[in-house]
Amino acid sequence: MFILIWILAYYGSSAQSIQWPHHKKAVIVLTYDDALLSQLDTAVPQLKHAGFKATFFLTSDIDSATIPRWRALARAGFELANHTVLHPCSSGEDNPVPSEHYTPHQMIREIEVMNHFLFAVDGKNSRTFAYPCTETTVGGVDYVDTLRYYGLVKYARIGGDTSAVITDFAHLDLLRIPSFGLEDSTSAGTLIAFVKAVQQSGGMGIIMFHGIGGDYITTRSSDHQALLNYLVQNRGTIWVTTFQQALDHVIKNISR
């Protein structure tokens, strides 16, 4: 019991330097990777019905059929973010573009090209990024500092698990921001438990989705809806916003 009280006190004191908008007590950011059709067909209608905005990390898998839908989302206040052109990462059955032969500068060039691609979709210059497969290395070399040097993105999301509750904003690396990366069929109970941990901490939690009711690394549509229902019920105390908006607020409200 003493340890639990100490942990809660520590988290609470660490988050006191951030005042969230409209007297909210915590922040949840919903992110969706890989430009999947199930996100457009299932997640987006659920999000719109709940009145929440989210971030979609897109690759060049967007096409003539889906680009108008992504563009409409951007106009509605959703964030379209960079997930590279070809999604290169370590070789595997599910990863057709291996990153082992990439150099950091080749990766930077691919991120730059995707920025141009996304500008053609939504007309925005400011962009955030998620590392493919949450890997920050290519060809055995970490490219985070190279990305930092070229300044192509404001913030970048990495992976993590249920411990990815952000409270120490003063020491947060803006190009290594942790998130709760879901496994296949993660339950509503697990999702809501993560949100409750964020609420208790007074900090920020970022959730990484892939398929919603389809595709791969799939979250059941009913579990996704149950999470949104919980967020709606706690709308008075939880700020649900996009990745860039959340981090912009952090930067404006903390001395680094």
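Student: Which backbone oxygen lies 2.7 Å from a polar atom of the side chain of N253?
Tutor: The backbone oxygen of H249. A polar contact here is a pair of N or O atoms within 3.5 Å; within protein, one must be able to donate a hydrogen and the other to accept it, and residues adjacent in sequence count only if both atoms are side-chain atoms. This is a predicted model, where local features need pLDDT of at least 70 and side-chain atom pairs count only at pLDDT 80 or more, while totals for chains, interfaces and linings use all residues. Residues are numbered from 1 along each chain as its sequence is written, and side-chain values use heavy atoms, with hydrogens and water left out.

Student: Where is N253?
Tutor: N253 sits in the segment after α8 (243–252). Helices (H or I, at least four residues) and strands (E, at least two) are DSSP runs, numbered from the N terminus.

Student: What about S201, buried or exposed?
Tutor: S201 is buried, with a relative accessible area of 3%. S201 belongs to helix α6 (residues 188–201), and a polar atom of its side chain is 2.9 Å from the backbone oxygen of V198.

Student: Now rings. How many aromatic pairs are there?
Tutor: Twelve. Rings of Phe, Tyr and Trp (its six-membered ring) pair if their centres lie within 6.5 Å; planes under 30 degrees apart count as stacked, over 60 as edge-to-face and the rest as tilted.

Student: Why is the pair Y32 and F56 called stacked?
Tutor: The ring planes of Y32 and F56 are at 20°, with the centres 5.0 Å apart, so the pair counts as stacked. Y32 is in strand β1 (residues 26–33) and F56 in strand β2 (residues 55–58), so the pair ties together parts 24 residues apart in sequence. Both Y32 and F56 are buried.

Student: Which residues form one aromatic cluster with Y32 and F56?
Tutor: W70, F78 and F209.

Student: Last topic. At what angle do α3 and α4 pack?
Tutor: Helix α3 (residues 67–75) and helix α4 (residues 104–122) pack at about 75°, with axes 8 Å apart. Axes are lines fitted to C-alpha atoms, for helices over the stretch in contact, and angles run from 0 to 180 degrees between N-to-C directions.

Methods:
Buried means under 20% relative accessible area, exposed over 50%, partly exposed in between (1.4 Å probe, protein chains only).
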